[in-house]
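Hi,

Here is the model I promised to pass on.

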Amino acid sequence: MALQVYDRAFLYIGGQLAVEAESVEVEFQGDPLPVATIVKDFAGVTPTPKSAKVNVSEFVPTQGTNLDDAIKYFLATKKVQIAVQRGGSGKIIKAEGFFTAPKISSGASDHTKATYSILCEAKPFQ
């Protein structure tokens, strides 16, 4: 079995790389609903609307953080342009969406972290 080079995802918010992001997760939503009938049992599916949710966890530096924008955009329900790029392949999703409620956590022996999601259009990596 040959060795592989594995991909890594990078998040851009408003055209800027989210340099403090610890993790980025693209979660597609909108599973089809199963259709069951008395005669056929499972007869097929009914399509549902599709969307994507980009989940982000990032470290919070003392200055220059995405957290301030995430809070501001969330409170104003303002659209934001995002992109998620797979660095190895170069494939990218570009979409616009809305921040969900940000969460900030910290502890005596932990770095301050922000977690938030961006709800956006479901698009394939191209």
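Below are my notes on strands, rings, surface and salt bridges.

First, the ground rules. This is a predicted model, so I kept to its thresholds: local features need pLDDT of at least 70, side-chain atom pairs count only at pLDDT 80 or more, and totals for chains, interfaces and linings use all residues. Residues are numbered from 1 along each chain as its sequence is written, and side-chain values use heavy atoms, with hydrogens and water left out.

**Strands**

Helices (H or I, at least four residues) and strands (E, at least two) are DSSP runs, numbered from the N terminus. Two strands pair if DSSP finds at least two bridges between them.

Strand E4 (residues 33-37) runs antiparallel to strand E5 (residues 41-46), and 5 bridges join them. The two form a hairpin with 3 residues between them, and Ala 36 stands opposite Phe 42 in E5. Asp 41 also lies in E5, and it has a positive phi of about 60 degrees although it is not a glycine.

Strand E7 (residues 80-86) and strand E8 (residues 92-99) are antiparallel too, paired over 6 bridges. Here the hairpin has 5 residues between its strands, and Gly 90 in the turn has a positive phi of about 80 degrees. If you want a landmark, Val 84 has Ile 93 in E8 as its bridge partner. E8 also pairs with strand E10 (residues 110-120), antiparallel again, over 3 bridges; Gly 97 stands opposite Cys 120 in E10.

**Rings**

A pair of aromatic rings is described by the distance of the centres and the angle of the planes. My cut-offs: rings of Phe, Tyr and Trp (its six-membered ring) pair if their centres lie within 6.5 Å, with planes under 30 degrees apart counted as stacked, over 60 as edge-to-face and the rest as tilted.

The structure holds 2 aromatic pairs. In one of them, the rings of Tyr 73 and Phe 99 have centres 6.1 Å apart and planes at 90 degrees, so the pair is edge-to-face. Tyr 73 lies in helix H1 (residues 66-76) and Phe 99 in strand E8, so this contact ties together parts that are 26 residues apart in sequence. Both Tyr 73 and Phe 99 are buried (under 20% relative accessible area; exposed is over 50%, partly exposed in between, with a 1.4 Å probe and protein chains only). Ring pairs link Tyr 73, Phe 99 and Tyr 116 into a cluster.

There is a charge over a ring as well: the charged end of Arg 86 sits over the ring of Phe 125, 5.2 Å from its centre. The test is NZ of Lys or CZ of Arg within 6 Å of the ring centre and within 35 degrees of the ring normal.

**Surface**

Ile 71, Phe 74, Leu 75 and Ile 104 form a nonpolar patch on the surface, with about 360 Å² of accessible area together. H1 gives the most to this patch, with 3 residues. Patches are made of residues with over 30% relative accessible area and no salt bridge, joining like charges within 9 Å and nonpolar side chains (Val, Leu, Ile, Met, Phe, Trp, Tyr) within 5 Å. Areas come from the Shrake-Rupley method with a 1.4 Å probe; for residues, only the protein chains shown count as cover.

Leu 75, at 65% relative accessibility, counts as exposed. Thr 77 in the loop between H1 and E7 counts as exposed at 57%, and has a positive phi of about 45 degrees although it is not a glycine.

**Salt bridges**

How many salt bridges turn up in a search of the whole structure? The search finds 4, taking a side-chain nitrogen of Lys or Arg within 4 Å of a carboxyl oxygen of Asp or Glu. Among them:

- Asp 7 with Arg 86, closest N and O atoms 3.1 Å apart. Asp 7 is in the segment before strand E1 (9-13) and Arg 86 in strand E7, 79 residues apart.
- Glu 22 with Lys 113, 2.9 Å from N to O. Glu 22 lies in strand E3 (residues 21-29) and Lys 113 in strand E10, so the pair ties together parts 91 residues apart in sequence.
- Glu 96 with Lys 79, closest N and O atoms 3.2 Å apart. Glu 96 lies in strand E8 and Lys 79 in the loop between H1 and E7, so the pair ties together parts 17 residues apart in sequence.

Cheers
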